[in-house]
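Subject: Structure handover

Hello,

Here is the structure you will be working with. Please open it beside this email and follow the notes below it.

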Amino acid sequence: MFDFSEDAKDALMREWADWRRWAEQVGAGGTPGGGGFHSVVLSYGADVDSVFVQIDRAVSQLPMIPRSVVCRYYQQPGTVDQMAADLGVSRRTMYKLRDSAVNSVFDDARLKKMLKAA
């Protein structure tokens, strides 16, 4: 069973971002999935691709600003100050938006069900 602590959610979101980049690196045409990505956060035997596809879907359904914050924070390099400046908000606001968006992602019923089984 997945530990729904803030640290575990953050670690899984970081892996989701790595999973998205990994697909591009192995030449999957920018399409995530296809197996081969190893998660250190999920239990052995968990369907990693299915979990990350579900996170991807939940992120894509976020409103524009929270989605932008999540994508900027997890998928692009830079300091927190650079990220906040890119988004046109303070560091504090960026963290609040990120935390709220990540909680929304993990509130997704399908994802919760998958993670409880993982």
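A residue is called buried under 20% relative accessible area, exposed over 50% and partly exposed in between, with a 1.4 Å probe and protein chains only. Phe 2 and Phe 106 are both buried.

Some background on the model comes next. It is predicted, so local features need pLDDT of at least 70 and side-chain atom pairs count only at pLDDT 80 or more, while totals for chains, interfaces and linings use all residues. Residues are numbered from 1 along each chain as its sequence is written, and side-chain values use heavy atoms, with hydrogens and water left out. The pLDDT is the predictor's confidence in each residue, from 0 to 100. The chain has a mean pLDDT of 87, with 88% of its residues at 70 or more. Helices (H or I, at least four residues) and strands (E, at least two) are DSSP runs, numbered from the N terminus. Among the elements, the highest mean pLDDT is that of α5, at 96, and the lowest that of α1, at 88.

The core

A nonpolar core is a set of buried Ala, Val, Leu, Ile, Met, Phe, Trp, Tyr and Cys residues joined through side-chain atoms within 4.5 Å. The largest one here has 32 residues, and Leu 12, Met 13, Trp 16, Leu 42, Ile 55, Val 105 and Phe 106 have the most contacts inside it. Two or more residues come from each of α1 (6-25), α2, α3 (64-75), α4 (80-87), α5 and α6. In soluble globular proteins, nonpolar side chains tend to be buried together. Contact means heavy atoms within 4.5 Å. Not counting residues up to four places away in sequence, Leu 42 touches Phe 2, Leu 12, Val 48, Val 51, Leu 115 and Ala 118.

The aromatic rings

Rings of Phe, Tyr and Trp (its six-membered ring) pair if their centres lie within 6.5 Å; planes under 30 degrees apart count as stacked, over 60 as edge-to-face and the rest as tilted. This rule gives five aromatic pairs. One of them is Phe 2 with Phe 106, stacked at 6.0 Å centre to centre and 5° between the planes. Phe 2 is in the segment before α1 and Phe 106 in helix α5, 104 residues apart, and the pair links these distant parts of the chain. Trp 19 and Phe 52 form a tilted pair, because their ring centres are 5.5 Å apart and their planes stand at 35°. Trp 19 belongs to helix α1 and Phe 52 to helix α2, so this pair ties together parts 33 residues apart in sequence. Trp 19 is buried at 1% relative accessibility, and Phe 52 is buried at 0%.

Polar residues

Where does Asp 108 lie? Asp 108 is in the loop between α5 (91-106) and α6 (109-117), and is buried at 13% relative accessible area. A polar contact is a pair of N or O atoms within 3.5 Å; within protein, one must be able to donate a hydrogen and the other to accept it, and residues adjacent in sequence count only if both atoms are side-chain atoms. A polar atom of the Asp 108 side chain lies 3.2 Å from the backbone nitrogen of Arg 110. Leaving aside neighbours within four places in sequence, Asp 108 is in contact with Gln 54, Arg 57 and Ala 58. Gln 54 is found in helix α2 and is buried, at 8%.

Ser 60 is in helix α2 (residues 48-60) and counts as partly exposed, at 44% relative accessibility. The Ser 60 side chain reaches the backbone oxygen of Arg 57 at 2.7 Å.

Regards
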